[in-house]
Amino acid sequence: MTQMPAFDKPKVELHVHLDGAIKPETILFYGRKRGIPLPADTVEELQKVIGMDQPLSLPGFLAKFDYYMPAIAGSREAIKRIAYEFVEMKAKEKVVYVEVRYSPHLLANSKVQPIPWNQAEGDLTPDEVVALVNQGLQEGERDFGVKVRSILCCMRHQPTWSPEVVELCKKYRQQTVVAIDLAGDETITDSSLFPGHVQAYEEAVRSGVHRTVHAGEVGKPEVVQQAVDVLKTERLGHGYHTLEDEALYSRLLQQNMHFEVCPWSSYLTGAWTPDTEHAVVRFKKDQANYSLNTDDPLIFKSTLDTDYQMTKRDMGFTEEEFQRLNINAAKSSFLPEDEKQELLDQLYKAYGLPPPASAGQDP
Ligand SMILES: [Zn+2]
C-alpha cells in the first residue's frame, strides 16, 4: 500500500510549523476533553475541513487555523503533547535533524494582547508555552532519536509581541531554541520595517540569536531585500519571488543565502502557479543553497516525502541532488559548529560519501 519514499535516507528539515504539524487525533482528543467545539468529530471529517487538496487564497488558508487552534491553545497538556508527537512524526519520515517553529503568543492565553483564538483569559503565558514545548521536544528527542531544535516566531501583524520573542529566544537558548523567525502575512506593507520587529532582530544580532524570515513566498522581492538588509536574516523562508529581481538573486547566490523551499505548500497556497517554472528548478540549476520542507503538513495533508515525490516526479530531481540539498540544509542549520559537523558526518556516512578534505568548508 505505502509508496516507496522518494529519498529513503536521513534528512534534515528546517522549515515546519509546530501548529501546522499536529495529529488530527490529538485535536479531536483535546476538543472533546476541553469541551471546545470542532467542525467535525472523526479524523476523516476533520481532515476534510482543515486539510487542503486545491489551492486556496491566503485568507482561506489562515481560516484553517481558526478551526483547530482553540482546541490546543491554552492547554499545558496539549502543548507538551503536540511537541512530543511532532518528534515521533519526524522519526517516521527519517528526519535526523529538524528545526521546528511556532509563535509562543498564539498558544498562550495570558500576558498576550490580544488573546488569540477568542479564548477566555487564563494563566498560560508565552514564556511557559516555550518551556512546555521544550519539554515535549526534549522527551521526543530522547524517545525517538531525532535531534530537534526550535525557532520562535514573531508575527507580522503583531509587532508588539516581537521584543518578548527575542527575550524568550535568549532565555531558552540552552533548551532547544536556536533562532527567531518572522511569520504571517508578508503582504502587510513594509511590515519588515515595523519598529517592534526591527528592534527584536537587532537584539537577536547583538545577542547571537540566529535569524530567519518568511519573505518572497507571495511577497515581492522588496520583502526579501528588507529581510536581508534590515533584519539581517541568515536564511529565507521560501524566498521564491527573489527571482523577479535578478540583481538581488545573484547577490544572494554569491552570499550563499539559504532558501527554505516548501514545494507542496507553495502549490496549495498559490505561492507558485503550476503553469510557471517552480523557483526550486532554478535553484537546482544554479546549484543554490536550499532545503526541502513541509511547512504545515496537517493542513497540506502531507509528509516530507510528499515534497520529495513532487520534485522527483515533476521536476526530475535525482538522488544526488537530494543528498546535496540535505548537506546544504545541515550546513545552514542553526546548530553550533561542532554539532553541525557531527550532523554532516552522519549524512556523509549514510549517503556513502567521503567527507570533504577541508571538513565543513565550502571549496
Ligand atoms: Zn512557513
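Let me begin with a definition: axes here are lines fitted to C-alpha atoms, for helices over the stretch in contact, and angles run from 0 to 180 degrees between N-to-C directions. Helices (H or I, at least four residues) and strands (E, at least two) are DSSP runs, numbered from the N terminus.

What we have is a predicted model, in which local features need pLDDT of at least 70 and side-chain atom pairs count only at pLDDT 80 or more, while totals for chains, interfaces and linings use all residues. Residues are numbered from 1 along each chain as its sequence is written, and side-chain values use heavy atoms, with hydrogens and water left out.

I start with helix α1 (residues 24-34) and helix α2 (residues 43-50), which pack at an angle of about 105 degrees with their axes 9 Å apart. That makes α1 roughly perpendicular to α2, given that 65 to 115 degrees counts as roughly perpendicular, under 35 as roughly parallel, over 145 as roughly antiparallel and the rest as oblique. On the α1 side the contact (heavy atoms within 4.5 Å) is made by Pro24, Glu25, Ile27 and Leu28, and on the α2 side by Val43, Leu46, Gln47 and Ile50.

Next comes the sheet. This is an open sheet of 8 strands, in the order β1-β2-β3-β4-β5-β6-β7-β8, with parallel pairing, where two strands pair if DSSP finds at least two bridges between them. At the edges stand β1 (11-17) and β8 (289-292), each of which pairs on one side only. Neighbouring strands of this sheet are turned against each other by 25 degrees on average, direction ignored. Helix α8 (residues 221-229) packs on the sheet, where α8 touches β5 (210-215) and β6 (235-238), and the direction of α8 makes about 170 degrees with that of β5.

How many aromatic pairs does the structure hold? There are 16 aromatic pairs, counted for rings of Phe, Tyr and Trp (its six-membered ring) whose centres lie within 6.5 Å, with planes under 30 degrees apart taken as stacked, over 60 as edge-to-face and the rest as tilted. One of them joins phenylalanine 7 and tyrosine 308, with centres 5.9 Å apart and planes at 10 degrees, so the pair is stacked. This pair links distant parts of the chain, since phenylalanine 7 lies in the segment before β1 and tyrosine 308 in helix α13 (residues 304-315), 301 residues apart. Phenylalanine 7 is buried, with a relative accessible area of 1%, where buried means under 20%, exposed over 50% and partly exposed in between (1.4 Å probe, protein chains only). Finally, ring pairs link Phe7, Tyr308, Phe317, Phe322 and Tyr351 into a cluster.
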